[in-house]
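Hi there,

Here is the structure I promised to pass on to you.

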Amino acid sequence: MNEENQVYFIDSDKLPPQALERKHRLEQDPSFRTNHMEYMEGMEVIDSDIKDIVVKEMEEYDYSIYTAKDVERALSHETCSLEDFKALLSPAAAPFLEQMARRAELETKNHFGNTVYIFTPLYIANYCQNYCVYCGFNCYNNIRRKKLTFDEIDHEMQVIAKTGMEEILILTGESRSYSDVNYIGEAVKIARKYFRNIGVEIYPVNVDEYKYLHECGVDYVTVFQETYNSDKYETLHLMGHKRVWPYRFDSQERALMGGMRGAGFSALLGLDDFRKDALATALHVYHINRRYPHAELSLSCPRLRPIVNNDQINPRDVGEKELCQVLCAYRIFLPFVGITVSSRESAEFRNGIAKICATKVSAGVSTGIGDHEEKYEGKSDEDVGDEQFEINDARSFDQMYKDMENGGLQPVLNDYIYV
Amino acid sequence: MEDKLVIGGKEFKSRFILGSGKYNMNLIKAAVEQGGAEIITLALRRANTQESESILDFIPKGVTLLPNTSGARNAEEAIRIARLSRAMGCGDFVKIEIMRDAKYLFPDNYETIKATETLAKEGFVVLPYMNPDLNVARDLQNAGAAAVMPLAAPIGSNKGLATKAMIQVLIDEIDLPIIVDAGIGKPSQACEAMEMGAAAIMANTAIATAGDVPSMAESFKLAIEAGRKAYLTGMGRVLARGASASDPLTGFLH
């Protein structure tokens, strides 16, 4: 019995008996699942040793050995070493949160001044071939599925652009058959008409496909590793391409090899030991920077949220204080890296964290499909796809802009020229 | 005789180049006024925004724009950004910034020389941001640069004149204005660079992160003026190691 993950398992009464049986076997019988460390057909293997380095460090990390002295020493150093970072992530650093925040604020100001970037995500399809147990888009979850047509994409983008937004992040569910690379490429070409900066958060692809997407106009690729503990990963991503842990790990590197300007990284905090996942995420960024010093790298920090049909999912032991500690530690260790805080977090938390270390926030967010007109302008539409997760901060672009300004920050809509 | 800074045939009374982009745009006007700056830098990628937000609208008339090519990773990209800048009406001045390093934002000297050569030929007034190196500075001069902008320390680090000895060599050897750029964290450091003979100071983060942006701009202005005046006056004797011995060492010579 897979008790640890039981909270995630929801059976839909719409599933045919055969599918239900298969779902249960995937959940309860590890031998029924494929080898998650083995590449599937068509997945490109690149020559990279970053995985091994990151995993080794993460496995050896024992955060219980750090003391208040280590934390004080870390905060007194001009440059934050890896050992310092480990101390800042440890439970011993909890009483030093205010000092960490002060230091993080200083680093943020030196590197970014008082700027904060505003962007919005646009989900263009929610079909998915994976069974990731915590995700609202998972293939066994009974939700309204939708894939936008090019006309619908154009329309959604117009509605968003009308608010003044200039940066867009295009997302899909992970289905190569429903949302193939060409479909995404065409969506990007439409986005170039309305936006000045385009990122994608889609299933991992090969170098030549990233190159094609870059030529279409994409400059940033975000891929969340979810958890860097591959054993835990295996118990959460039970079926589909996403099950292959190493192929996902190398996504950012393949994207940069394909000519992308930047890459985003993250673990989904709460899935496993968040301190170890935070360490691994930062090390992943650190080593990519060593090999690709020109790349503009960014970190996110999503925590688990409730999904359609399962309101029991929560961020477990990662409270707001823990999240704040992780983000401050990220900033002190990697002062040059962008930090994005999404609408999974509350307005109050985002207002506060933007003053300390976040450099990018989303606004006017919907994680549903084709419902921007409804959400922005109140026009009702029956034909929409369900959301990936419940957002927490539903502020509009205008409101976010004003709130950031009121917080003494300078909202920036674009800082980018496509060259 | 009036002491003027001449870059690309244009005369400036102020030797303070003000950065923008790291503080609220509505402070630019006050910072320019209180700092007495006549040149203000502008990242073209920041100006590449919708009209209502355009940073260009916040820049007071009569101030010379110095658009920079930040975001460029090689000469070719810098050249494209410079041409775009001219087409957008930002004038002929351009500060070349070519970075292949996202962590320290160090300039790539080799690519910078290449871009300088092309853009100078196209009639741009080229001010290259560079890592202080005498040979590179000479190459930039030969390529047609209007000034040379060596870094004092990594951008945003506020570490002061970390490359002091190298910058002194450029001041001594290069017949172009040497404008110290990046890393200047406080007015005293700006003053020190001016005492050394730097032609001007470019500062951004030090001012942007101050509690009162216009007031810090003014502090820089005063420090830069003090340093310049000291340089022009000729510094007096500053003893490095205590007093001299009272009996002259050469007393035995008759």
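Chain A has a radius of gyration of 21 Å, which agrees with the value near 22 Å that a compact globule of 419 residues would have. That radius is taken over C-alpha atoms, and the globule rule is 2.2 Å times the number of residues to the power 0.38. Please keep in mind that this is a predicted model, where local features need pLDDT of at least 70 and side-chain atom pairs count only at pLDDT 80 or more, while totals for chains, interfaces and linings use all residues. Residues are numbered from 1 along each chain as its sequence is written, and chains are lettered from A and ligands numbered from 1 in the order in which they are written.

Along its principal axes, the C-alpha trace of chain A spans about 60 × 50 × 40 Å. The chain holds 16 helices and 11 strands (DSSP runs numbered from the N terminus: H or I of at least four residues for helices, E of at least two for strands). Of its 419 residues, 55% are buried; buried means 20 or more other C-beta atoms within 10 Å of the residue's own, exposed means 12 or fewer, and partly exposed is in between, with C-beta atoms placed from the backbone. Taking contacts in chain A between residues at least 6 apart in sequence, 76% join residues at least 24 apart (a contact needs C-beta atoms, placed from the backbone, within 7 Å).

One residue to look at is K276(A), in helix α12 (residues 274-291) of chain A. K276(A) is buried, with 21 other C-beta atoms within 10 Å. Leaving out residues up to four places away in sequence, K276(A) touches M58(A), Y61(A) and N229(A). Its C-alpha atom is 9.2 Å from that of T227(A), 49 residues apart along the chain.

Now for a helix pair in chain A. The axes of α5 (residues 97-112) and α13 (residues 320-333) of chain A come within 9 Å and cross at roughly 40°. Axes here are lines fitted to C-alpha atoms over the stretch in contact, with angles from 0 to 180 degrees between N-to-C directions. α5(A) and α13(A) are therefore oblique to each other (under 35 degrees is roughly parallel, over 145 roughly antiparallel, 65 to 115 roughly perpendicular, and the rest oblique). The residues of this contact divide into 8 nonpolar, 2 polar and 4 charged; Ala, Val, Leu, Ile, Met, Phe, Trp, Tyr, Cys and Pro count as nonpolar, Asp, Glu, Lys and Arg as charged, and the others, Gly among them, as polar.

On to chain B, with 9 helices and 10 strands. Its radius of gyration is 19 Å, close to the 18 Å from the globule rule for 254 residues, so chain B is as compact as a globular protein of that length. Buried residues make up 50% of chain B.

Helices α4 (residues 109-121) and α5 (residues 134-143) of chain B pack at about 15°, with axes 8 Å apart. α4(B) and α5(B) are therefore roughly parallel to each other. Their contact includes I113(B) of α4(B) and L140(B) of α5(B), and its residues divide into 5 nonpolar, 2 polar and 2 charged.

Finally, where do the chains meet? In chain B, 27 residues are in contact with 23 residues of chain A. On that side of chain B, α2 (44-47), α3 (75-87) and α8 (205-208) each supply at least two residues. The chain B side divides into 6 nonpolar, 11 polar and 10 charged residues.

Best wishes

Technical notes: Two residues are in contact if their C-beta atoms, placed from the backbone, lie within 7 Å.
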